[in-house]
Each structure stands twice: as C-alpha cells, then as structure tokens.
Amino acid sequence: VYLYRAVDKHGKTLDFMLSQRRNKPAATKFFARMLEVNGLPRKIVIDKSGANPAGIKAINKMLKGFGCPLPIEMVRRKYLNNIVEQDHRFIKRRTRPMLGFKSSKSASA
C-alpha cells in the first residue's frame, strides 16, 4: 500500500491518501482531492516517482480546460523535498518492522 502525502512549507500535513498502486490515476486522484480541499498552489515539490509528474500534468490539463491561465509548476530539488522526507521518518519507524503495510485495512488502522 502506498501513502501519498501533501505537506506545506512549514511541515504541516495538508492531506494524505492510501493507494493500492503508485501510478498516474492514483496520483491524479490524490492531487485533485488535495487541490479541492486546500486550493491551488503555485509550485509543488515532488520526488523521483514517475507517477507524480504524470498526475500533475493531468491536473494541469484539467485546469487548462476550466480556463486556469497558469499551470502548477513542478519542482524536483533534492533538498527542497527534505520537509516531506523528515515527516516520513515517523511513519517509516512504524512500518519498517512490519516490512510495510500488506493491506489497506492494516494501513488505515
């Protein structure tokens, strides 16, 4: 089970989602839900996953269809992603002994 998380620049968790797969539809669903709840950001810092850029591109395409003039900028910088990675430490401390979550039920618990 994969954990998608959105964290603001101060380290506060904005939204999260558990998904069976780490692919474009899952990333698109997460970003759409996150934008609906938290509004439209100017930039999003992402990791090396191929699903995240595909999801953001799909969201930008939808936004363009709704008449949004500026797309969301994707930033891939090694050290800008540290806020998210440091926040993941506490989750990884719990999941590492279990070798990750095997089902959505155990992950949600």
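The protein exposes about 8100 Å², of which carbon and sulfur atoms supply 56%. Accessible areas come from the Shrake-Rupley method with a 1.4 Å probe, and for residues only the protein chains shown count as cover. This is a predicted model, in which local features need pLDDT of at least 70 and side-chain atom pairs count only at pLDDT 80 or more, while totals for chains, interfaces and linings use all residues. Residues are numbered from 1 along each chain as its sequence is written, and side-chain values use heavy atoms, with hydrogens and water left out.

**Overall architecture**

Four helices and four strands make up the secondary structure of the protein. Helices (H or I, at least four residues) and strands (E, at least two) are DSSP runs, numbered from the N terminus. Along the sequence, their pattern is β-β-α-β-α-β-α-α. Of the 109 residues, 31% count as buried; buried means under 20% relative accessible area, exposed over 50%, and partly exposed in between (1.4 Å probe, protein chains only). Among the contacts with a separation of 6 or more, 53% involve residues 24 or more positions apart, where contact means heavy atoms within 4.5 Å.

**Selected residues**

| Residue | Relative accessible area | Class |
|---|---|---|
| Phe30 | 2% | buried |
| Phe31 | 7% | buried |
| Asp15 | 11% | buried |
| Ala32 | 29% | partly exposed |

**Aromatic rings**

Rings of Phe, Tyr and Trp (its six-membered ring) pair if their centres lie within 6.5 Å; planes under 30 degrees apart count as stacked, over 60 as edge-to-face and the rest as tilted. By this rule there are two aromatic pairs. Phe30 and Phe31 form a tilted pair, with 5.6 Å centre to centre and 55° between the planes. Ring pairs also link Tyr4 with Phe30 and Phe31 in a cluster.

**A salt bridge between strand and helix**

Which strand holds Asp15? Asp15 is placed in strand S2, which spans residues 13-19 and also includes Phe16. Not counting residues up to four places away in sequence, Asp15 touches Tyr4, Arg5, Ala6, Phe30, Arg33, Met34 and Asn38.

Side chains of opposite charge can pair when their charged atoms come close. A salt bridge is a side-chain nitrogen of Lys or Arg within 4 Å of a carboxyl oxygen of Asp or Glu, and the count by this rule is one. The side chains of Asp15 and Arg33 form a salt bridge at 3.0 Å, N to O. Because Asp15 lies in strand S2 and Arg33 in helix H1, the pair ties together parts that are 18 residues apart in sequence. Arg33 is partly exposed, at 33% relative accessibility, whereas Asp15 is buried.

Helix H1 covers residues 24-38 and contains Ala32. The C-alpha atoms of Ala32 and Ile59 are separated by 6.8 Å, although the two residues are 27 residues apart along the chain.

On the surface, Leu3, Phe16 and Leu18 form a nonpolar patch with about 250 Å² of accessible area together. Patches are made of residues with over 30% relative accessible area and no salt bridge: like charges are joined within 9 Å, and nonpolar side chains (Val, Leu, Ile, Met, Phe, Trp, Tyr) within 5 Å.
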